[in-house]
Amino acid sequence: MSRIDKDQVKYVANLARLSFTDEEIETFTTQLDDIIGFAEQLNELNTEGIEPTTHVRDMYNVMREDVVEPSLPREEALKNAPEQEDGQIKVPQIMSAD
């Protein structure tokens, strides 16, 4: 029994604004049905006593400590800005007040 049909594949393709030939729809229908079948096989596994994980490997924070340090002086930060006004980088207006 098929778990997904051509109409469902066409519907999802339309939502994603993708267009496929009838041959591609047939291929994707078969492939998606196989993927769903595999996922259903995973549901048959006994996972009792298995702790849920987000990664297959132990993860730990590899980032440095967040330490407050002095930043660039404003003049230094603005020295390469193409335009500046009142101590800020000036950019073209992209929205009007209308």
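Reply: Phenylalanine 28 touches Val9 and Phe20, leaving aside residues up to four places away in sequence; contact means heavy atoms within 4.5 Å. Phenylalanine 28 lies in helix α2, where helices are DSSP runs of H or I with at least four residues, numbered from the N terminus. Because its relative accessibility is 29%, phenylalanine 28 counts as partly exposed (buried is under 20% relative accessible area, exposed over 50%, partly exposed in between, with a 1.4 Å probe and protein chains only). From C-alpha to C-alpha, phenylalanine 28 is 9.7 Å from lysine 10, and the two are 18 residues apart in sequence.

Helix α2 covers residues 22-43 and also holds aspartate 33. Aspartate 33 counts as buried because its relative accessibility is 13%. With residues up to four places away in sequence not counted, aspartate 33 touches Ser2, Arg3 and Ile4. A polar atom of the aspartate 33 side chain lies 2.7 Å from the backbone nitrogen of arginine 3.

This is a predicted model, in which local features need pLDDT of at least 70 and side-chain atom pairs count only at pLDDT 80 or more, while totals for chains, interfaces and linings use all residues. Residues are numbered from 1 along each chain as its sequence is written, and side-chain values use heavy atoms, with hydrogens and water left out. The chain has a mean pLDDT (the predictor's confidence in each residue, from 0 to 100) of 90, and 98% of its residues reach 70 or more. Confidence is highest in helix α1 (residues 6-15), at a mean of 96, and lowest in helix α3 (residues 74-78), at 91.

Definitions and conventions: Helix = DSSP H or I, 4+ residues; strand = E, 2+ residues; numbered from the N terminus. Polar contact = N/O pair within 3.5 Å; in protein donor to acceptor, adjacent residues only side chain to side chain.
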